[in-house]
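Please have the sequence and the coordinates at hand while reading.

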Amino acid sequence: MRILKKILVVLVTLIIIITIGGYIYYNSLKPSYSGSISLVDISKETAVYFDDYGIPHIYAENELDAITALGYVHAQDRLWQMELMRRIAPGRLSEIFGEKMLKNDQFFVSLGIEEASEKSIKNLDTNSEVYKLAMAYLSGVNQFIDNGPTPIEFTLIGVEKEHYQLNDVYNIMGYMSFSFAMAQKTDPFLSVLKEKLGDSYLKELDIDINPNTVLIKNANPETESYSEMVSTINEIMKNNPIPPFIGSNSWVVSPKKTSTGKVLFANDPHISFSQPAVWYEAHISTPNYELYGYHLAGVPFPLLGHNRNYAYGLTMFENDDIDFYKEENHPTDQNKYKTPNGYANFQKVQKTIKVKDAEDVLVEVRSTNHGPIMNDVVDAISQTSLIAMSWVFTQFEGKMLSALYNISRAKEMSDVKKGAAMIHAPGLNVMYGDAKGNVAWWATGKLYKHKPHVNSKFILNGASGEDEPTEYLSFNQNPMAENPSWNYVYSANNQPDTIANILYPGYYLPEDRGRRIVELLEPKNDWDKESIAEMINDVTSSVSPSIIKEFTSTLANSTFNEKEQKALEILQLWDGSNTLDAIAPTIYNKLIYLYLKNTYEDELGEELFKQFLDTHLSKRAIANQLKKDTSIWWNNVHTSDKIEDKKAILSSVLIETVTSLEKQLGSDMTTWNWGKVHTLEHEHPLGTVDALKSYFNVGPFPINGAREVINNRGYEYDNTGLYKVTDGPSTRRVIDFSDVENSISILPTGQSGNPFSNFYKDQAEMFNNGEFRKMKMNKEEIISVSTKLIIQPKDE
């Protein structure tokens, strides 16, 4: 008995020790939001107040101290996110995730981002404020790496922490730039379509085919390899553990249309959802500088920001800044390719990819005068048809860091414009408003022209010299508007007006969001912060009801059963609002998917149809195709005994929609609520492991909104009838220059990327409900709700 008691005492003691040890370890991993620390490169005591949402308000005597502190607190909340961000461009994901990320690494090492970063850093003035502040930020990050606790993700995966370098910052911005692009999904796809189906089908997709255009003729194996290239690149971008940028909304209302006579600014960049969320908010105040900014992991200057004088934000321009060229090999020397001036040697670079639990992989990247050969890193492309990628980002010196510095330190509207002019890639819409009453937007990017015969949405001829850009436009020829007579500016990734006598080519989204924004802004002249906040959460489509009207008018006088007729009636009475309890969005989205599938898949085939759905073309086709009473696409090529027309296809779509939804959701149509099938989960890279999902992922939640409404939600169309939201507003910001200190914002989950922080997911429910919190700038108010971390100077 005594032995048993002793054993029990020992066991209880061990449990207590383990519990205490676990508790101590758990608390040791939390970020430090109070207390005192000492840092090198801090010259005077700096105070960081973490408010009731974990947002740091940094009060320092100078900018260098403030940015050093920013680097430290950014790292303690987001070091794991920083680690992933910096590994993408140099191809270092396989090093921690193993062979499943090898395709991603092989692809990204070929793009030339690392080489572009090296050139930019080489040309950066080490005496400039840009350089000094960037290095101060890195100093703060690296001091947390040296002295702070190791984030749990590093321990679970077995990753050694490494100091950050300036090239990591540039590589992160390079990845961001590539993630904006759509050409890699669209150009090869259209080239396949051209070869497989011919001009008539392309014209019906509203793709302009110049009759003088000489398009490269491809043998069928080459066409198939282009299709495989699209699939591979789509897979690579979806597999990335860091979200790509997708689209955005922004509008800025001038004093003449507001109730206060002051500018109102709204912005909600659309980015793929993930955990942690993309933006890290930080408010910096020094005697000579103040800004409330939104930072990417690992980037010292904010991409979005405001102070008492001005506000700026971003949307995606969606311009075409990537061209693909088919190169021609030398007939006998595989080390050479054809140019207009004879044969030239491929430039070759050897790169080594380290792979966890496997041998290193050696990659040889060949490049032509256009750019890297995709065949070397995308296995699916035939080696007999060499495809080079020409990307504006790698063609010119990158000045993005300097641009962000200038924009975030502006004194006048002209300073922001000068900063915007420094960005040659990616294409962005820089949105602007200020306390003086100015509103503006400028499209960034180095835009260019081709000869009239060239359609840059197809794979071009790399050997002839006839398909090269003929002119690069100056920045003042880019789309822009400054204090327009209509008293507002907006962007929703739709096609800008004519510039340099052309509609600039791009991969623009349909008019849906833009039309709704204008529809709401135009008639109202008493906008205030509350009405703008309501508008940024708007879930109503202006286009969907017109699509339904066209759909139902086509089906007039058709005979349907009771359930099918009921579904039509629900759609006809629908105002286009995508709320959780609504039935119509569930019917509508299934209807649209089946309409696209029954119209296009028979000609395209299953794989090409999936690729089509991944492009903006499919979104633009929804309304455009429906307007056409006669079209080559309506006929089902698999039915040889008849030729289908528009009415036949749409009738079968309605019948199939109702049958499918009954099978999925039951026969009671009143239970087909949108919230049952439309959900959002913020996924952490470790959340793919079932045992860890509940600890790292946030959600899933039923969510309102839909594709191409202002409160935009991105999701894939497929046979499941489930719409798992993958992207949407990465923040919602409303800045009111009549009351700047009470401007409002929200993040999708929380400020911290540390799962042990109280601020990991504290904003998720608010975000889902369309609620906001203040972006605090009043020091007394900040102190009243904050914990305080004091940072003292430390001798090296």
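Which helices each supply at least two residues of the lining of the second largest cavity?

## Basis

The model is predicted, so local features need pLDDT of at least 70 and side-chain atom pairs count only at pLDDT 80 or more, while totals for chains, interfaces and linings use all residues. Residues are numbered from 1 along each chain as its sequence is written, and side-chain values use heavy atoms, without hydrogens and water.

## Second largest cavity

The helices in question are α5 (113–122), α8 (166–179) and α13 (400–408), helices being DSSP runs of H or I with at least four residues, numbered from the N terminus. A cavity is a set of points on a 1 Å grid over the protein atoms alone where a 1.4 Å probe fits but cannot get out, and lining residues have an atom within 4 Å of a point.

This cavity has a volume of about 110 Å³, taken as the space filled by probe spheres set on the points. Of its 14 lining residues, Ser120, Tyr170, Phe393, Gly398 and Lys399 lie nearest the centre, and α5 gives the most, with three residues.

## Largest cavity

The largest cavity holds about 160 Å³ of space. Among its 22 lining residues, Gln76, Asp77, Pro151, Glu153 and Asn754 are the closest to its centre, and the largest share of the lining, seven residues, comes from α2.

## Strand β23

Strand β23 (residues 678–682) is largely enclosed by the rest of the structure, because four of its five residues are buried, that is, under 20% relative accessible area with a 1.4 Å probe, protein chains only. Strands are DSSP runs of E with at least two residues, and two of them pair if DSSP finds at least two bridges between them.

β23 pairs with β25 (residues 723–725) in the parallel sense over three bridges, with Val725 as the bridge partner of Leu680. The pairing of β23 with β24 (residues 698–702) is antiparallel, over three bridges, and there His682 stands opposite Val698.

Technical notes. Buried means under 20% relative accessible area, exposed over 50%, partly exposed in between (1.4 Å probe, protein chains only). On a 1 Å grid over the protein atoms alone, a cavity is a set of points where a 1.4 Å probe fits but cannot get out, and a pocket is an open set with protein on both sides within 12 Å along at least five of seven lines; lining residues have an atom within 4 Å of a point.
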